[in-house]
Structures are given as structure tokens and as C-alpha cells.
Amino acid sequence: SGTLQLSLFGRDNPARVGAPIRYALTVTNDSNERDGQIGIQFQLPAGVRLERVSPFANPELSNFRVDAGVVSLAYIRSMEAGEQVTYELVFESNLPQTFDLTVQARSLRVTQGVSATVSTSVVP
């Protein structure tokens, strides 16, 4: 596609209140050029807490910051053409609900950004 791609897959749907809600997030540099300064952000849904961020290959990418309900993952400094970075995101909800999780990513080459959304149901 010549751009940045996001894939977001909910592994626990429906999930239970107080139980882990796991997602697989994959960021792909689907271009023929190196990209960098890839920033990934998402808004925490009401009643949902981020437990952990587990990158499959790069442990330095497990850091994150929460500011006014917006989660920012550690910047991916550089991605080669065709390279992928995959994370496991683990959340927990303290109430039964259905929510949408929308993850957005921007980079030096894709300043307008890309996004992926998945809907999750949480049952008592």
C-alpha cells in the first residue's frame, strides 16, 4: 500500500468484568522506504484500564504513558521497509459494557495517520 498499516484483533470477545481483555496490535511499514518516529495512541474507554503493553520482539517498546485518558506507546524510532512490530495489549474493564477501541498511528512519512478499530463486549 506504500503506507503505514495497523491491524487490531480482539482475542477475548466477549470478555468478563475484571478479567484480562487481550488485543493483538500489529504496525507494518508497508512501503519501500524506511519510516520513523512512529507514534501510537488511543483513548481509554470509560471503566477500562490498561494493564500492560507487551511487544513480541522489542522489550524497550513496552513503556507507555497515560495522560487525561489518552495512552501513548513508546515511539518506534525506525522501521525498515516491510518491517512489522506486534504488541499484545492487555486491558481490564470494571463494568459490563460494549466499547470500541480505536488505535491511531502517525509517522514521519504518514503524517495524516492511520487507525484501526475493534468493538468488544464485556459481560458480568
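What follows is a short chat about a predicted model.

Visitor: Where does Ser93 sit?
Guide: Ser93 belongs to strand β9, which covers residues 84-93. Keep in mind that the model is predicted.

Visitor: Is Ser93 buried or exposed?
Guide: Ser93 is buried, because its relative accessible area is 1% and the cut-off for buried is under 20%.

Visitor: What lies 2.8 Å from a polar atom of its side chain, Ser93 I mean?
Guide: That is the backbone oxygen of Leu95.

Visitor: And which residues does Ser93 contact, leaving aside neighbours within four places in sequence?
Guide: Ser93 then touches Val17, Gly18, Ile21, Gly47, Val48 and Val122.

Visitor: Different topic. Which way do β4 and β7 run relative to each other?
Guide: Strands β4 (residues 35-43) and β7 (residues 70-73) are antiparallel, joined by three bridges. Within that pairing, Phe42 has Val71 of β7 as its bridge partner.

Visitor: How many bridges are there between β6 and β7?
Guide: Four, and the pairing of β6 (residues 64-67) with β7 is again antiparallel. Arg65 stands opposite Ser72 of β7.

Visitor: What do β6 and β7 form, then?
Guide: A hairpin, with two residues between the strands. Ala68 is in the turn, and its phi is positive, about 55°.

Visitor: Is Ala68 buried or exposed?
Guide: Ala68 is exposed, because its relative accessible area of 76% is over 50%.

Visitor: What about the peptide bond from Asn13 to Pro14?
Guide: That bond is cis, with omega near 5°. Pro14 is in the loop between β1 (3-10) and β2 (15-16).

Visitor: Now pockets. How much space is in the largest pocket?
Guide: About 180 Å³. The lining has 14 residues, and Gly39, Ile40, Gln41, Ser72 and Tyr75 are nearest the centre.

Visitor: Which strands supply at least two lining residues each?
Guide: β4, β6, β7 and β10 (97-106) do. The largest share is from β4, at four residues.

Visitor: How does the lining divide into nonpolar, polar and charged?
Guide: Six residues are nonpolar, six are polar and two are charged. Ser72, one of those nearest the pocket centre, is also the residue in β7 that Arg65 stands opposite.

Note on methods:
Residues are numbered from 1 along each chain as its sequence is written. This is a predicted model: local features need pLDDT of at least 70, side-chain atom pairs count only at pLDDT 80 or more; totals for chains, interfaces and linings use all residues. Side-chain values use heavy atoms; hydrogens and water are left out. Buried means under 20% relative accessible area, exposed over 50%, partly exposed in between (1.4 Å probe, protein chains only). A polar contact is a pair of N or O atoms within 3.5 Å; within protein, one must be able to donate a hydrogen and the other to accept it, and residues adjacent in sequence count only if both atoms are side-chain atoms. Contact means heavy atoms within 4.5 Å. Two strands pair if DSSP finds at least two bridges between them. On a 1 Å grid over the protein atoms alone, a cavity is a set of points where a 1.4 Å probe fits but cannot get out, and a pocket is an open set with protein on both sides within 12 Å along at least five of seven lines; lining residues have an atom within 4 Å of a point. Grid points are joined across faces, edges and corners, and a volume is the space filled by probe spheres set on the points. Ala, Val, Leu, Ile, Met, Phe, Trp, Tyr, Cys and Pro count as nonpolar, Asp, Glu, Lys and Arg as charged, and the others, Gly among them, as polar.
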